Amino acid sequence: MSLRITTLADPEPGASGRRLAWLASGSDGAPVGSAFLRLFTREGQEHLAELEIAVHGAERRQGVGTRLLAAAVAAAREERRRSVITQAEQGSPADLFLAARGFRPVLALTYARLPLAGTDLAEVEELAERPYPGYRLTEWDGTVPAELAQSFADSRRAMDDMPMDGTDYGTVVWDVERVVAAAEAVAERGDLLHTVAVLDAADGAVVGFSELVVPGDGRGDGQHYGTAVLPEHRGHGLARWMKAAAILRARRRHPELGGLCTDTADGNAPMRAVNDALGYTPTHRAVEYQLDL
């Protein structure tokens, strides 16, 4: 197969990284595959790149993915990256492709979905409305309110000990600028970000949060982005409380929403238990792969 690889560039770098891109086309000029390499630029992750490769089903096993991978890895080396990570559904062609080309599995993930349409959420409502002495819930749409911005940014350290197994993910350093930029990025692409947070009743500080992103038209499926509680406040059921509240809010505000999706590392037993208690059903498994450069 005559193959041409064209190097592209994303003209608008994000707040935490920039992207390189490659387009594979056949002899007739028709696109047959693409690759994107995200280069993280924030403190704590400058060593990392994230890869996404897609090849048209009819064009597989003809060297398209191999050529795209070679271009992306060469760029990662040139950018002095230490690790390249990517993800594949377990048992898929991509899973086999990566395993055969030097990538090693570093993290197993389970994807799950909670159907909303026609589902009785009485138990979820009971969980959401149960009192938790010493704590109270708050919520907002889009960007965090100014009076909570610093406390919310500080609470992001609750994600620092999230099970990542062997992944060379680094440490994400959050500040107010970053949490604002993340919310603005969701809005710019037309989606809706809703955050539920737990406040310490004693001082009003954010001690946990749960983020949910819904398509702008309120249809299809929403996606949980992150749910976490600061270590010193764990063991009280706060994660389940926040997620239950987020589910009810989504159901009431978006009656045409089909379901809510989430993904959890297999090693994160507490969050898997929360999902099970709220009625999420596993849909598929995925493997995070890493290439050590």
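Helices (H or I, at least four residues) and strands (E, at least two) are DSSP runs here, numbered from the N terminus. Glutamate 52, for one, lies in strand β4 (residues 48-55). This is a predicted model, with local features needing pLDDT of at least 70 and side-chain atom pairs counting only at pLDDT 80 or more, while totals for chains, interfaces and linings use all residues. Residues are numbered from 1 along each chain as its sequence is written, and side-chain values use heavy atoms, with hydrogens and water left out.

**Strand residues**

- Glutamate 52 is exposed, at a relative accessible area of 51% (buried means under 20% relative accessible area, exposed over 50%, partly exposed in between, with a 1.4 Å probe and protein chains only).
- Leaving out residues up to four places away in sequence, glutamate 52 touches Ser34, Ala35 and Phe36 (contact means heavy atoms within 4.5 Å).
- Glutamate 52 and alanine 88 sit 36 residues apart in sequence, and their C-alpha atoms are 9.5 Å apart in space.
- Serine 34 belongs to strand β3 (residues 31-40) and is partly exposed, with a relative accessible area of 21%.
- Beyond its neighbours within four places in sequence, serine 34 is in contact with Trp22, Glu52, Ile53, Ala54 and Leu68.
- From serine 34 to tryptophan 22 it's 12 residues in sequence and 5.6 Å in space, C-alpha to C-alpha.
- Serine 83 is in strand β5 (residues 83-89), and it counts as buried because its relative accessibility is 1%.
- Not counting residues up to four places away in sequence, the contacts of serine 83 are His47, Leu48, Ala49, Asp168, Gln290, Leu291 and Asp292.

**Nonpolar cores**

- A nonpolar core is a set of buried Ala, Val, Leu, Ile, Met, Phe, Trp, Tyr and Cys residues joined through side-chain atoms within 4.5 Å.
- The largest one has 45 residues, and Leu238, Ile247, Leu260 and Leu278 have the most contacts inside it.
- Helix α6 gives the most to this core, with 10 residues.
- A second, separate core of 26 residues includes Leu51, Leu69, Val84 and Phe103.
- Isoleucine 247 touches Leu114, Leu116, Leu121, Val124, Leu260, Leu278 and Tyr280, again not counting residues up to four places away in sequence.

**Helix packing**

- The axes of α3 (residues 122-129) and α6 (residues 238-253) come within 8 Å and cross at roughly 125° (axes are lines fitted to C-alpha atoms, for helices over the stretch in contact, and angles run from 0 to 180 degrees between N-to-C directions).
- So α3 is oblique to α6 (under 35 degrees is roughly parallel, over 145 roughly antiparallel, 65 to 115 roughly perpendicular, and the rest oblique).
- On the α3 side the contact uses Val124, Glu125, Leu127, Ala128 and Glu129, which meet Arg240, Trp241, Ala244, Ala245, Ile247, Leu248 and Arg252 in α6.
- By class, the contact of α3 with α6 has 8 nonpolar, no polar and 4 charged residues (Ala, Val, Leu, Ile, Met, Phe, Trp, Tyr, Cys and Pro count as nonpolar, Asp, Glu, Lys and Arg as charged, and the others, Gly among them, as polar).
- The axes of α6 and α7 (residues 269-278) come within 10 Å and cross at roughly 40°, so α6 is oblique to α7.
- Ala239, Arg240, Lys243, Ala244 and Ile247 of α6 make that contact with Met271, Val274, Asn275, Ala277 and Leu278 of α7.
- In helix α4 (residues 146-155), the buried residues are Leu148, Ala149, Ser151, Phe152, Ala153 and Ser155, and their cover includes β7 (135-141), α5 (176-188), β8 (192-200) and β9 (206-214).
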